[in-house]
Amino acid sequence: METLKIYFCASIRGGRADVLLYEHIVKTLARFGKVLTEHVGDGELGHTGEQDLDDGAIHDRDLDWLRQADAVVAEVTQPSLGVGYELGHAYLMRKPTLCLFRPSSGRRLSAMIRGASDGERMSVADYVGQDDVESVLERFFNTRAR
């Protein structure tokens, strides 16, 4: 059986306040398959992003990884233009996609994301925190992404 390829996206230049949570999500996702974008959970990666690649190279590399992915998981609590862009592409590529959102943040999720949730191609899961995210991911990978 071929290893599931997972594309994880979360805020980088939009803010890194949740980087410890991203790290936990990446480690949890590794139980389900190969995370193509492990660097998103790297605590050393700051809000300015990767310094050794120009923006065009990052764009092209990430879209290539997105094309390769069997499933997409996005943490969408911290608003990010890049994550929105990636989710639009994932939607058009018909990738099974899970968007994770914490209502306790006091934010409201974009209607474009929540409104795209059809329970098939794209799902939005509200969750409480780090402990809760594991069961949400298990449900997603056991029902939709395989």
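Student: How far apart are the closest N and O atoms in the salt bridge of D62 with R61?
Tutor: The model is predicted, so local features need pLDDT of at least 70 and side-chain atom pairs pLDDT 80 or more, while totals for chains, interfaces and linings use all residues. Residues are numbered from 1 along each chain as its sequence is written, and side-chain values use heavy atoms, without hydrogens or water. A salt bridge here is a side-chain nitrogen of Lys or Arg within 4 Å of a carboxyl oxygen of Asp or Glu. For D62 and R61, the closest N and O atoms are separated by 2.8 Å.

Student: Are D62 and R61 buried or exposed?
Tutor: Relative accessible area decides this: under 20% is buried, over 50% exposed, and in between partly exposed (1.4 Å probe, protein chains only). By that rule, D62 and R61 are both buried.

Student: Which residue meets R13 in a salt bridge, and how many residues apart in sequence are the parts that the pair ties together?
Tutor: The partner of R13 is D55, at 2.9 Å from N to O. R13, with a relative accessible area of 49%, is partly exposed. Helices (H or I, at least four residues) and strands (E, at least two) are DSSP runs, numbered from the N terminus. Because R13 lies in the loop between β1 and α1 (19-29) and D55 in helix α2, the sequence separation of the parts tied together is 42 residues.

Student: Where do D126 and R114 lie, and how many residues apart are they?
Tutor: These two side chains form a salt bridge, with closest N and O atoms 2.9 Å apart. The pair links distant parts of the chain, strand β5 (residues 122-126) for D126 and helix α4 (residues 111-114) for R114, at a separation of 12 residues.

Student: How many salt bridges does the structure hold?
Tutor: Some of the salt bridges share partners, and these join D18, E75 and R102 into one network. The count for the structure is 8.

Student: Which element gives the most to the lining of the largest pocket?
Tutor: The largest pocket has 26 lining residues, with I12, I58, D62, G82 and E86 nearest its centre. β1 (5-9), α2 (55-68) and α3 (81-92) each supply at least two lining residues. The top contribution, 6 residues, comes from α2.

Student: Which element gives the most to the lining of the second largest pocket?
Tutor: That pocket is lined by 14 residues, and V76, P79, S80, L109 and S110 are the closest to its centre. The greatest share, 3 residues, comes from α3.

Methods. 1 Å grid on protein atoms, 1.4 Å probe; cavity = no way out; pocket = protein on both sides within 12 Å on 5 of 7 lines; lining within 4 Å.
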